[in-house]
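Hi everyone, thanks for coming.

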Amino acid sequence: MTNDTQLAPKPAASAPSTRSLPAVLKQVPWRSVAIVAPFLAVFIALAIGSPAFLSAQNIGNVLDRQSGILIVAAAATLVLIAGGIDLSVGATYMFTAVICGTIIVRVGGEAGAALGIIVGILAGLVVGLINGIISTYLKINPLIATLAMSFIILGATKLVSQFGKEGIGQIRVDFPEFRWLALTKPLGISLPTWIAFIVIVILGIVLWRTTFGRYVYAAGGNAEAARLAGIRVDGVRIATFAIAGTAAGLAGVIDLARTPSAPENDAIATTLTFTVLAGIVVGGTSILGGEGAIWRTVLGILFIAMLYNGFTLLRIDPLFQGIALGVIILVAVGFDAWSKFRRR
Amino acid sequence: MPETATADAPQLLVELRGVGKSFNGLPVLADIDLTLEPGTVHALVGENGAGKSTLSKIISGVYSADTGQLLINGQEASFGSPREALAQGIATIAQELALVPELTVAENVFLGSEPRTLGWINRKKLRAAYAAIAESTGFDLPGDAVVGGLRTADQQKVEIMRALARGASLIIMDEPTAALSAHDTELLHGVVRRLAASGRTVLLISHFLGEVLELSDSVTILRDGRHIRTAQAADETESTLIESMLGRTLGSVFPDKTPHRADGEVVLSVRDLVAPGVYGVSFDVRAGEIVGLAGLVGAGRSEIAHAVFGAAPRNAGTVAIDGAETPNTIAGSLKRGIFLIPESRKDQGLVLGRPIRDNVTLSNMGQVAPRGWVSSGVERKASRTMLDRVTVAGDDRRAVSALSGGNQQKVLFGRALQGSRRLLIADEPTRGVDVGSRRAIYDLIVEQAQQGIGVLVISSDVEEVLGLAHRVLVIRSGQIVGEFAGDQLTEENIITAAFADPITNESQ
């Protein structure tokens, strides 16, 4: 790797290049494309190793199944860049699915489906706002605040679900009025995939091209400097939490339509949160805030999904999936820490 | 071990021979020769940045010297850490006390060296050992009091006893009385004398020259990292010390002063301002006027700036721009045309991981991004315009961390140039800036004033304040203690006001 020379600050802008590398290569922000190389490597390896991988059906399936998690991860990237962290996205995701399902079961028909979708997403927004407020104005460390919130939400989920099911079992919402959300395929691509795509593009542009996006980077990069520059850092952070909560709500609703039963297993919530964080970190967004990008998170999440998919296709013991993912996260975070150190 | 606290402490002769130290290629100490005789109080004086702290940190093992030798009892020593220095009997009582507030006095004194029985702390021995130390120092402090509830002066006593408990023979005190009341200062002076009388050496770093003359046996004056002289304190006076601490002429680093109109309109009007660290401050700044805020580090200059800027809560008083009171928020101040270039570029000014362009436009997104949408073309043009005015060349998409200190400071000036500004506050504008870029920054400050903007310059460098300001306010303990303009605007007046002894002042 030639990264080490690239990561160090250039001594002076006008200084003539003493390295033999072409100027074009010097312009490449190596750190931000670090995820691309392993992503392509695994993609190509799988395409060669397993003929089933590259089929339109397999790719479509992977994307469809990842749509919910991609939405959550894209939004949670904003939280991390702004200097926070949200451990409650998984719980929120389950909570909103149960709320949505309960309303659909109770109200029924098209009205029930519409109401369920709206209330589900709004519930996510409310949770996000609470997360934001307690971790800024109440000055509770966001890691602890959202950890505590996720326990509260998981409890609330069980409370709500009692109203949505008859006897034991899960809330089932196998109604066409609702399931069109997951089953429609405009232009041959599933609606959840489209929604995920649109959310990613919108959030990506927000971060890249809006004042709010600038403030998100500044709040996470140097909160005191941002404050003295006139930015309401707390407000910016609350907004990122609210966006993450809303996204978790949207993802919960979409996945409910896809499955179509509301999950009620704390492990699902935990796994979702962990996978989201893993994807963000593997993508190269700094856990310390101030740096990162949505598209990198997308590649990070798809990288993990591809790895899992590849293990399945190649019939490798799933036990190795966790080990491989853990090693990859350590490498990614280690690279992040190392590249920060290099800049000092 | 309580034995070490008795009157016949081990004596330690510490000598420096030709010691020098540089940071990032900038020499902060050069060719220092110094002998610290056991049983004496040796004072170290000099302006901010003269090298006092660096020198004391070399002795206490925080830094190691680049050149020269450190001799302990004639043996060459080289400390890799403060722990190694402590093992030789050298301890520092820092300005920031390093005590565990939840533990008791005795526990703090013996922290890390508690008398143990089978791994358990032996309370009885601890009490006995504490009693021995307390007696030897004459401190009247209950060993079972919780340290967090003590006054600062008493906490310092705990620090001193801790140093003694570890067998310290040379005790370095950095501004020990800066946070003390007059009464506690007297008590501490007694302690210092007793330490010297017991054969220990005290290296005293103090800005209070009266204290220095009263307490110390010998005085070493540093200036710009060089050893000016070491003399008997009895042979010195405050004015001889000040003379030697300054001892230089104003260079041509400063732009010519253009007189401002004395009857210019009042831009900033501060009345009876009370805020954290600010205790009742009133002053005006007129259009085109450069007002300097001088004083020692920690005197409350930055606190005044932050309170004016709306970055700190205002407890009382008013801040008005063009006669209209400003809201106590940063956003409100920016809107009214106040801009602050903060003291620390890295911690308070720049978002180092972001491009230069983002940093320049950060406070002015409203103009660069109408309706919240950043137009790349508009932003590029705005950023380029500002950077040209502050003479920063090159691609502004580079990370701002890649720039030199001087250019980083210019980026902050660039940020301040936008909008309808009325008052510019520059806090330590040339700290860590190379000499070449200094002039450019001074020119920017003067240029702002010439355009009819009120300017407040805060600096620990008296020369800088004198070179720039039309009028200087001297700050001490959060209050204005002197105002100088015209003929009265001299280094001596400023330094005298800034250094004036708090005790004599109280009695006046």
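**A walk through the model**

Let's start with a sheet in chain B: an open one of four strands, in the order β14-β13-β16-β17, with antiparallel pairing. Since β14 (278-286) and β17 (324-325) of chain B stand at the edges with a single partner strand each, one side of each is left without a neighbour in the sheet. Two strands pair if DSSP finds at least two bridges between them.

Before going on, please keep in mind that this is a predicted model, where local features need pLDDT of at least 70 and side-chain atom pairs count only at pLDDT 80 or more, while totals for chains, interfaces and linings use all residues. Residues are numbered from 1 along each chain as its sequence is written, and chains are lettered from A and ligands numbered from 1 in the order in which they are written.

β13 (residues 266-275) and β16 (residues 316-321) of chain B are joined by five bridges in the antiparallel sense, and Leu268(B) sits opposite Ile321(B) in β16(B). Is Asp272(B) buried or exposed? It counts as exposed, because it has 11 C-beta neighbours inside 10 Å. The cut-offs are 20 or more other C-beta atoms within 10 Å for buried, 12 or fewer for exposed, and partly exposed in between, with C-beta atoms placed from the backbone.

Asp224(B) also has a positive phi of about 50° without being a glycine. You'll find Asp224(B) in the loop between β11 (218-223) and β12 (226-232) of chain B. With 16 C-beta neighbours inside 10 Å, Asp224(B) counts as partly exposed.

Now a hairpin: β4(B) and β5(B) form one with two residues between them, and Asn73(B) in the turn has a positive phi of about 50°. β4(B) pairs with β5 (residues 75-77) of chain B over three antiparallel bridges, and Leu71(B) has Glu76(B) in β5(B) as its bridge partner. β1 (residues 14-23) of chain B also pairs with β4 (residues 67-72) of chain B, antiparallel, over five bridges.

Zooming out, chain B is divided into domain 1 (2-246) and domain 2 (266-352 + 421-507), with bounds from an automatic or database domain assignment. Their C-alpha centres lie 33 Å apart.

So what about the inside? In soluble globular proteins, nonpolar side chains tend to be buried together. A nonpolar core here is a set of buried Ala, Val, Leu, Ile, Met, Phe, Trp, Tyr and Cys residues joined through C-beta atoms within 7 Å. The largest one has 239 residues, and those touching the most other members include Val72(A) and Ile171(B). Helix α12 (residues 233-258) of chain A gives the most to this core, 16 residues. Both domain 1 and domain 2 of chain B give residues to this core, so it lies between them.

Last stop, the two chains: 27 residues of chain B are in contact with 23 residues of chain A, contact meaning C-beta atoms, placed from the backbone, within 7 Å. α10 (330-336) and α11 (345-349) of chain B are the elements giving two or more residues to that side of chain B.

That's my tour, thanks!
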